[in-house]
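Please look at the sequence and the structure before reading on.

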Amino acid sequence: MTKILTLILAAGKGTRMHSQLPKVLHKLAEKPLLQHVYDRCAELENNTITIVYGHGGDLVKDTLSHLNVNWIEQKQQLGTGHAVLQAYDAINNDDVVLILYGDVPLISQLSLRGLLATVNETTLSLLTVNLENPSGYGRIVRNQHGQVIRIVEEKDASPEQKTLHEVNTGIFAVQGGQLKKWLIQLSTDNAQQEYYLTDIIAIAVEEGCVIEVNQPECIQEVLGVNDRVQLSELERFYQITQAKALMKSGVSLKDPQRFDLRGIIKSLGTDIEIDVNVVFSGEISIGNNVSIGANTHISNSVIGDNVQILPNCIIENAIIGKFSRIGPFARIRPDTVLSDHVHIGNFVEIKKTTVGASSKINHLSYIGDACVGSNVNIGAGTITCNYDGVNKFETVIGDGAFIGSDTQLIAPVKVGAYATIGAGSTITKETPEHQLTLSRSKQVSVSGWQRPLKKT
Ligand code: UD1
Ligand code: CA
């Protein structure tokens, strides 16, 4: 089987982004552009991926060090042809070389497979597209027989060539030996005084190579990100595509334009209803019959069957048990595990806490580093004082406990099973099971007391 060498060009600065960050690290759906490209070609069989990096020094390499690729540095950015030239020694003559751009994030596997299927010793497979507004792109020049003879960059194009709507996507596949032969013939004799990779088309044609033209299924696949407007346009396209796919699979989205999936859905039940302005990040699993209220952000979490999430919640790295009800305005922080039938109400923050079945924390509480049993009722305004300024301590609350409103639990502390804590208590010691514990100053009334009066 032919070996594929994929070269992703990612050394350019991306001047038009006006950013300190190299362009290919800008994110689409919370994932760097370059990683989108990587993910799209990583699944091709028999494929080795090399990334040509340069601008921004090691930042690109360090940020994406988890990718299974070879890194080649292009110290000076002298053009796309020069970028490929840096990989010269890595190219074997019988490899098929697939060229991709780090700033063209949405290329599909289908298009790549199409290119790879049509390349051989005598052909070069080029991906082109017809754009209503072709400005900024290299134009595809064909002869009177309709055969591609060269690519002309916008800055070098004649007024007549500028009217051509078929443009170069930059993506192509070619035999390694051929590419090496043509690469060394590139020059900087052009408007930008750069080594244009696109010039190898004319060289190839001169040597009798046939340019096999493929087109992508949709235009957005091959659109490049050169500025932040284009980035936002691709983000919207990506999001609406995902939203439609979700709806087709049975999810109800109140408004597909106001839903963002910035990660992946690992598993999905049926009859899920999602209101407007909901954002999912990371890896999400959602059970059956779940409803998610407006303005809710969920990341890296598992939502069980029959869960109701009311509006304005933030749920992060958490597991929400079946039939639980969250919000409105609840914040569930990392390492929280809620069992079934748990209620977490408004203005409640929970962190690194497990909550047993049917327990309720309904109003204005902070529960952190705690282990809460089942059937526990935590009253409004209860706070676990888990932090002494240096260390964090645990609070353990037994099954069936009732914590009165406005209680401070000074951790480390334990509340026994079925204990009742009187409202307004500050609990510093373990409270016994089944008993009422309270720490409250006695209420006094002073008879005959008078309010001070203003001197006249
Ligand atoms: C390039 C093509 C153009 C095509 C367009 C498609 C050339 C000369 N032009 O133009 O025909 O229509 O892409 O999007 O190839 N890069 C390097 N090193 C360099 C220069 C660029 O690695 O020295 C990388 C960039 O990081 C980027 C890619 O190559 O990922 C394309 O570079 P860019 O400057 O954006 O080329 P365009 O002007 O868009
Ligand atoms: Ca570009």
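The model is predicted. Pro-412 sits in the loop that runs between β35 (408-410) and β36 (413-415). The peptide bond leading from Ala-411 into Pro-412 is cis, and its omega is near 0°. A cis peptide bond also links Gly-327 to Pro-328, with omega about 0°. Pro-328 belongs to the loop between β22 (325-326) and β23 (330-332).

Most peptide bonds are trans, and most residues other than glycine have a negative phi. The next two residues concern phi.

Asp-271 is not a glycine, yet its phi is positive, at about 55°. Asp-271 is located in the loop between β13 (259-268) and β14 (272-274). Asn-289 is likewise not a glycine and has a positive phi of about 55°. The loop that holds Asn-289 lies between β15 (278-286) and β16 (291-292).

| Residue | Phi | Relative accessibility |
|---|---|---|
| Asp-271 | about 55° | 52% |
| Asn-289 | about 55° | 42% |

Is Asp-271 buried or exposed? Its relative accessibility is 52%, and exposed means over 50%, so Asp-271 counts as exposed. Asn-289 has a relative accessibility of 42%.

Note on methods
Residues numbered from 1 in each chain as written. Chains lettered and ligands numbered in written order. Predicted model: local features only at pLDDT ≥ 70, side-chain atom pairs only at ≥ 80, totals over all residues. Heavy atoms only, no water. Helix = DSSP H or I, 4+ residues; strand = E, 2+ residues; numbered from the N terminus. Buried < 20%, exposed > 50% of the residue type's maximum accessible area, 1.4 Å probe, protein only.
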